[in-house]
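Below are some numbered remarks, meant to be read with the model open beside them.

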Amino acid sequence: MRTDSENDLLAEIRRLQSQLDEANDTLDAIRTGQVDALVVNGHNGHGHTLFTLKTADHAYRIFIEQMTEGAVTLNSSGLIIYSNSQFASMVKVPLSNVLAEDFSTFVTDDCKETFDRYFHTGWKESVKGELSIRSGDLIVPVLLSLYKLELEEEVALSIIVTDLSSQKETERELTLKNQQLESLNQALINSNHDLQQFASVASHDLQEPLRKIQVFSKFLKDRSTPELSEQSKFYIEKIFSSAQRMRVLIIDILNYSRLSKDDDNIESVSLRNIIDEILEDFDLKISERNARIEIGDLPVVEGNAGQLRQVFYNLIINALKFVSPDRTPHIVISAKPVNFRELGISLTNESEYCCISVVDNGIGFDEKFATSIFNLFEKLNPKSTFEGSGIGLAIAKKIVDKHHGLIIAKSEKGIGSEFNIVLPHCHVKRNPNG
Amino acid sequence: MVRKVILVEDDPDDRDLFIAFYAHRTDIKILPSVGNGVELISFLESIEADENLPHLIILDQNMPLMNGKQTLDYLKSNSRYSKIPAVVYSTYADTRLVLDCKKLGAGLVASKPIDDEGYQKMMDDFLKVI
Amino acid sequence: MGINKKDGFEYILKLFVSGSSPNSIRAISNLQKILMKHLDGRYSLHVIDLHQEEKSIAGIEQIIAVPMLIKKFPLPERRLIGDMSDTQKVLDGLGIFNRVTDED
């Protein structure tokens with residue numbers, strides 16, 4: 001029978017033997033190359049580092065550990081033999097519970113079959129595919145990239161796992177925005193269609209009754225001359241001219257509405273040629289009013305010829321209309337440098353812009369109307385003084401806007417007005433006539 | 001030579017005006033008007049001899065069933081009728097209408113006049129097309 | 001006689017490895033095979049990659065070299081070093097007295 005102290009001794013011996021065995025095991029393992037790394041004490045006994053004997057390239061190891069994608073290595077049974085921390089946080093499982101787990105544990109049930117397919121194919125050729133993994137209570141869409149790895153003594157399968165959540169979110173948003181765009185487009189198409197309908201109504205159905213008024217009132221006046229009093233003829237004239245004014249208005253509105261379309265052809269337009277043509281049309285009016293017109297060198301501009309003609313037509317007709325009764329009209333049309341600072345804008349391609357000014361010495365207007373003057377139907381003078389639908393400047397502005405330019409009005413009441421048109425895509429050309 | 005002119009117009013007032021303004025002219029004979037392209041075609045079909053076809057067809061643009069442009073298109077695609085000079089007039093002859101009709105082969109496109117002077121000038125211009 | 005369990009598992013095991021170094025990944029593969037066959041459902045295994053986990057754990061557990069398997073439970077604590085390729089040695093170390101068959 002052993003004494004207590006003898007039993008204690010025996011237990012102590014067994015413990016020491018065990019420790020010795022373990023120490024010998026460690027030495028044997030090191031000698032037979034079964035150890036990858038040794039734990040080394042840091043300086044002053046603080047911390048530890050791993051001294052790697054069998055390296056898996058240090059730089060690449062850090063790379064894999066640090067990357068923002070999940071990286072796992074699977075053996076031929078689909079067991080995770082290596083994983084980086086990113087994958088562990090992706091699946092919200094501690095790294096120590098990820099290692100030595102089957103990868104398919106982290107795949108959602110409905111994707112397990114897909115994963116099997118990827119896994120089997122991955123051994124023959126690299127595979128890229130999407131599936132879902134479990135992340136705590138959530139499901140995360142991921143992109144798997146599988147690639148065979150040749151290790152020292154066996155092959156393994158490496159998988160890079162990329163979180164597609166934000167991508168999917170962006171895709172969802174894009175689809176939503178696209179749908180919104182679609183319906184907006186459709187609304188626009190419908191609205192355009194309505195506009196077209198309006199245009200055809202405006203060009204015929206609204207004008208035809210007015211034309212009838214004109215024809216028959218003229219009939220009345222011309223064919224009933226002996227029976228009608230001067231007063232009656234005067235009234236009929238009023239009817240006729242009202243109908244005429246309304247037709248002009250409808251045509252103006254029609255032209256304005258047609259500017260909303262975007263199907264104009266762009267070409268190089270010589271502003272000098274356009275102005276020359278317009279002045280030819282106004283030949284009679286110019287000589288009637290004894291107007292003096294000066295034209296400077298004007299650039300060539302990229303734009304729609306018909307519309308640009310309309311702009312200058314409207315400006316020139318105004319200059320010839322709103323003349324001062326006590327002096328001969330003097331109109332100057334010239335190009336001047338664009339004062340970007342005054343406009344309060346800054347552009348990278350400033351040299352491509354030009355400014356054309358139409359200056360007159362007419363009756364002018366109060367500067368406070370400088371912007372409202374371009375409003376639809378805005379008239380600053382009583383109807384009886386000056387004919388017009390009030391739409392000319394609105395059309396001019398709409399056209400200049402379409403050309404991505406600016407139109408600015410300056411004036412002093414009783415002195416005159418200056419209209420400046422800033423346009424892009426200008427080429428200053430020496431005009432042979434200039 | 002007296003030219004046979006036919007007006008294709010659905011508006012009864014405009015048909016009356018046409019006759020009123022042109023009744024006195026000796027250079028044209030106004031055939032009975034028809035109301036739209038369909039009626040024009042059946043009228044033309046009823047004429048057996050080619051020399052009895054009209055010398056000038058005046059088409060209003062806004063008509064029901066078959067408008068001016070559509071009628072013009074039909075006429076110019078038909079071997080028998082394509083040679084007959086055809087013109088178009090409308091309350092408001094905008095650039096689009098003028099271009100389209102010219103492309104289809106109209107001799108002239110005019111805006112409907114409002115007085116005697118206008119009507120006579122329009123007919124003179126139309127006759128120049130023959 | 002009830003089996004003594006900790007956290008619901010009879011065997012609590014910790015395997016310390018060094019990233020994807022050759023012996024480490026072999027240790028994981030081999031160990032898992034052994035455990036599936038002989039201790040299925042009765043063990044909890046944590047694999048700690050010393051490159052990615054807190055290095056202080058190496059000091060706490062007094063790890064000298066990796067790969068190293070520590071059997072925490074059932075007591076006594078036992079340690080095995082190497083790539084776990086010697087199945088009999090692993091079984092003995094874990095205190096599992098099954099015969100190693102040809103299938104292992």
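Predicted model: local features only at pLDDT ≥ 70, side-chain atom pairs only at ≥ 80, totals over all residues.

1. Which residue just after helix 13 of chain A takes a positive phi? That residue is His404(A), with a phi of about 60°.

2. Residues are numbered from 1 along each chain as its sequence is written, chains are lettered from A and ligands numbered from 1 in the order in which they are written, and side-chain values use heavy atoms, with hydrogens and water left out.

3. Helix 13 of chain A spans residues 392-402, and its buried residues include Leu393(A), Ile395(A), Ile399(A) and Val400(A). Buried stands for under 20% relative accessible area, exposed for over 50%, and partly exposed for what lies in between (1.4 Å probe, protein chains only). The buried residues of this helix pack against helix 8 (230-258), helix 11 (305-321), strand 13 (406-412) and strand 14 of chain A.

4. Chain A as a whole has 13 helices and 15 strands. Of its 434 residues, 35% count as buried. Among its contacts (heavy atoms within 4.5 Å) with a separation of 6 or more, 59% come from residues 24 or more positions apart. Chain A exposes about 25500 Å², and carbon and sulfur atoms supply 53% of that area; accessible areas come from the Shrake-Rupley method with a 1.4 Å probe, and for residues only the protein chains shown count as cover.

5. Strand 12 of chain A (residues 354-360) deserves a look. This strand is largely enclosed by the rest of the structure, because 6 of its 7 residues are buried. Strand 12 of chain A pairs antiparallel with strand 11 (residues 330-336) of chain A over 5 bridges, where pairing asks for at least two DSSP bridges between two strands. Within that pairing, Cys355(A) is the bridge partner of Lys336(A). Strand 14 (residues 416-423) of chain A is also antiparallel to strand 12 of chain A, joined to it by 7 bridges, and there Ile421(A) stands opposite Ile356(A).

6. Strand 1 (residues 37-41) of chain A meets strand 3 of chain C over 2 bridges, with Leu38(A) opposite Ala65(C).

7. How many residues of chain C are in contact with chain A? There are 36 of them, touching 36 residues of chain A. The two chains bury about 3200 Å² between them, 57% of it on carbon and sulfur atoms; buried area is the accessible area (1.4 Å probe) that two parts lose on being put together, summed over both. On the chain C side, His51(C), Gln52(C) and Ile81(C) lose the most area to chain A, together 19% of what that side buries. The interface has 1 salt bridge, formed by Asp25(A) and Lys89(C) with closest N and O atoms 3.9 Å apart. A salt bridge here is a side-chain nitrogen of Lys or Arg within 4 Å of a carboxyl oxygen of Asp or Glu.

8. Asp60(B) and Lys112(B) come to 3.3 Å between the closest N and O atoms. The pair lies 52 residues apart, with Asp60(B) in strand 3 of chain B and Lys112(B) in the loop between strand 5 (109-111) and helix 5 (116-128) of chain B. Asp60(B) has 1% relative accessibility and so counts as buried, and Lys112(B), at 4%, is buried too. Both belong to one network of salt bridges with shared partners, whose other members include Glu208(A), Arg211(A) and Glu9(B). Over all chains, the structure holds 38 salt bridges.

Methods
Helix = DSSP H or I, 4+ residues; strand = E, 2+ residues; numbered from the N terminus.
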